[in-house]
Amino acid sequence: MVDLSVDLGGGHRLPNPLMTASGCAANGRELHRFFDVADLGAFVTKSVMADPRSGRGTPRMAETPSGMLNSIGLQGPGIEAFVDEDLPWLKSVGARVLPSIAGSSSTEYAHVAATLRASRAFDAVVGVEVNISCPNVANRGLVFACDPMASAKVIALVREQLPRDIPVFAKLSPDVTDITAIAAACVKAGADGLTMINTLLGMVIDTDRMRPQLGGVTGGLSGPGIRPVAVRAIWQVRQAMFEGRIPTVPIIGVGGVRTGRDALELVAAGASAIQVGTAVFNDPSAPVRVLRELCELLDAKGFERFTDAVAVAHGR
Amino acid sequence: MSERQLRARVTQEVAEVIATRRVGAYQHLTLVAPGVAELARPGQFVALAVGGETSGTLLRRSFSIHKVSPSGTYGGTVEIVVSAVGTGTRWIVERAPHDTIDVVGPLGKAFPLPTDPVACVLVGGGYGSAPLFWLAGELRERGCHVEMVLGAASEDRLFGVVEARRSCDGVTVTTDDGSAGQKGWVSDPLPGIIERTGAGVVYGCGPMGMLESITRVAQAQGAVAQVAVEESMACGVGVCMTCVMPVVGSDGRTRMVRSCVEGPVFRGDRVRWDAFDGGHARVPDDAVGAPKVGGH
C-alpha cells in the first residue's frame, strides 16, 4: 500500500494529496452527496471576498475543445456568511479545509484573512489559498498575479493576519511572461507554497449571433485542454527551485487533471498535491476517483511513498 | 435554500439505452437507470455525460425527465426527450439500443403539488412539454381537473399531443404557423382556459419568453404560475455557478440563484423577467451583491 500522506507546511499532515479546485466544487455540500468530502486531503472552497457578490450576468460559460470558458465573476456569500455557515458545516463532516480568499484590494484580502482567523471553525483550516489570479475581475488582465510587486504586497498582508502554523498558498496565473518571477516574489513575501495554475484568459464568439458568447465577454479557460500549460508552469517553477533561484516550497498542481495519470504528470513535474477542478463538472466524484487511480499507478510503478514521485521527472 | 434540498438523494449510474425512437423533430430515449427512477419526481431532471470517459466534450447535458417506471421489465427506467441542436445532443440521439450513457440524477426541485384538488393548466412549449404528462397524472390522482396547452413553431415541433389527450381533461394546441391547432401562441388561449376552469395553478415548461408570458397571464387571472426554466448548465449538480438567474427570495431581495439546485421550477412571479434580454440575463442593480460602478 502506497503511503499517500503529505505535509504542505504548518505541521498539518494530510492523509492524501487530492483536493478540490477553488470554484469547481462550491463549498462542499453539493459534492458530499456523491462522496465523503472528508476523504480528500483537503477541500478547497470557492474564493470568498469581504462582501456578498452577485457575480456576472449570463451566459457565464462556453464549451471549448476538452474544456470550457467560465465568466462567473467571483459570485459568493461574503466572508461573514462563509465563516458562519460554510466553514462550520465542512468542519462538522470532518473535512480539512483550504479556504480560497480574494479581494479587489490588498486590504480586502487582509480583512478576509483576519475574519477567517477569528472564526469559530478555524481549526478545520489547514492552509489558506490566496487567489491573486482570477481573470474574471473588473480590471482583468491586470490581476495581482501579473505583477510581482502587487502579488508580494497581497501575500505579505495576508501572511501577517494568519498564525504561523497556517501555510499560505499563492495561486498563480499562467498568463505572464515569466511565472518564476511571480513565484519568487510571492515566496519572498512569505508564501509557504504555490498553487499553479489558475485559468487562462480566453474568449469565444457565438457565430450564430455574431457576438461574444459570454455575457462578460472574456472568461477563464479550464479543463484537460490546458493541462500541458499547468505541467509547463509547475516544471519551470520547480526547476527554478532546484537551481536555487526560488526557495523550495510545496507546489499544489492544478489544471486539466481528469485521471490518475494526469495527476501523476503534474506530480512528476513537481507538484506535492493535486487539485481536480473542471473534471468535476463531467464526473462529480472525479476527485476520489483520481485519488484511487493515482494510488494504483504509484503502486504499479513501485513507489512506496507518494512524496517519492514528486518532481521525479527533473532528474531524468 | 433548505438543507433538505441540498442533501436530497441523487445517484450517478451508467444507464443502458433500451429504446430510442423518433417523435416529430425529437428523439425519445428510454434508459435503464433504476436509482434515478426510484427517486425522481415530476419537474426534476437528469444530466448526461457526452461521449465516454475520454470525451473532449466535457460538460453534461441536462434534460427534464419525461417519465419514470421504477419497476419495469428491465429494472427501473427513465425516459427523456432530446432535440439534437449541437455536438452533445447529436451524440446522445445517435445512441443505439444497448449503448450506455452516464447519468446523474434526479436533480433539482420538483413541481410543487397543490394540497387541494384545484383545477390546473399545464403549458408546454415544444419538447418542453416532456415532464407535463407525468405531472398531469399526479395531479389527476389528487382529484385536480387538468387541462393542457401545447404550443410550438410548427406541427413537427409539438411533443405529446396524443399523450395529452389521454392524460388530461382538455387539450388545446397552438402553432406559430397554424400547421396544427390554432394559429398563434400558447398565451392566446390561456386566459380563456384559466377563466373557464377556474384554475388556481398554471404549470409551464419551455423557452424563457413563453414562461414570462404564462406568468403574466396567470397573474392577471389570479392564478399561481410554476415554471420550469431551461438554463444552460455545465454541471447540473450545483457547483459550477453558470446556470444562475435573478430570482426574488422570500425576504423580497433578488439574488442570482442556481437554476439547477434552487430550480429548475420557480414561482413565475419570483423570476426577474425584466433582466432577460436576447439570450442574456443581466444582474439587476438591486440584486444582493450587484456590481457597483466599475463592475465585477
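These notebook entries record what I looked up in the predicted model.

**Conventions.** I number residues from 1 along each chain as its sequence is written, and chains are lettered from A and ligands numbered from 1 in the order in which they are written. For this predicted model, local features need pLDDT of at least 70 and side-chain atom pairs count only at pLDDT 80 or more, while totals for chains, interfaces and linings use all residues.

**Entry 1: a sheet in chain B.** I took helices (H or I, at least four residues) and strands (E, at least two) as DSSP runs, numbered from the N terminus. Two strands pair if DSSP finds at least two bridges between them. On that basis I traced an open sheet of 7 strands in chain B, ordered E11-E10-E9-E8-E12-E13-E16, with mixed pairing. Strands E11 (182-183) and E16 (265-267) of chain B stand at the edges with a single partner strand each, so one side of each lacks a neighbour in the sheet. I found E10(B), residues 170-175, running parallel to E11(B) and joined to it by 2 bridges. Thr175(B) has Lys183(B) as its bridge partner in E11(B).

**Entry 2: the hairpin of E14(B) and E15(B).** These strands pair in the antiparallel sense over 5 bridges. I noted Arg258(B) as the bridge partner of Val244(B). The hairpin has 5 residues between its strands, and Gly252(B) takes a positive phi near 85°. I then checked burial, calling a residue buried if 20 or more other C-beta atoms, placed from the backbone, lie within 10 Å of its own C-beta, exposed if 12 or fewer, and partly exposed in between.

**Entry 3: the contact between chains.** I counted two residues as in contact if their C-beta atoms, placed from the backbone, lie within 7 Å. By this rule, 35 residues of chain B touch 40 residues of chain A. Strands E14 (244-248) and E18 (280-281) of chain B each supply at least two residues of the chain B side.

**Entry 4: helix H3(A).** Which residues of H3(A) are buried? They are Tyr109(A), Ala110(A), Val112(A), Ala113(A) and Leu116(A). They cover an arc (from the directions from the helix axis to the C-beta atoms) of only 160°, which puts them on the same side of H3(A). I listed what covers them, including helix H2 (79-92) and helix H4 (148-161) of chain A.
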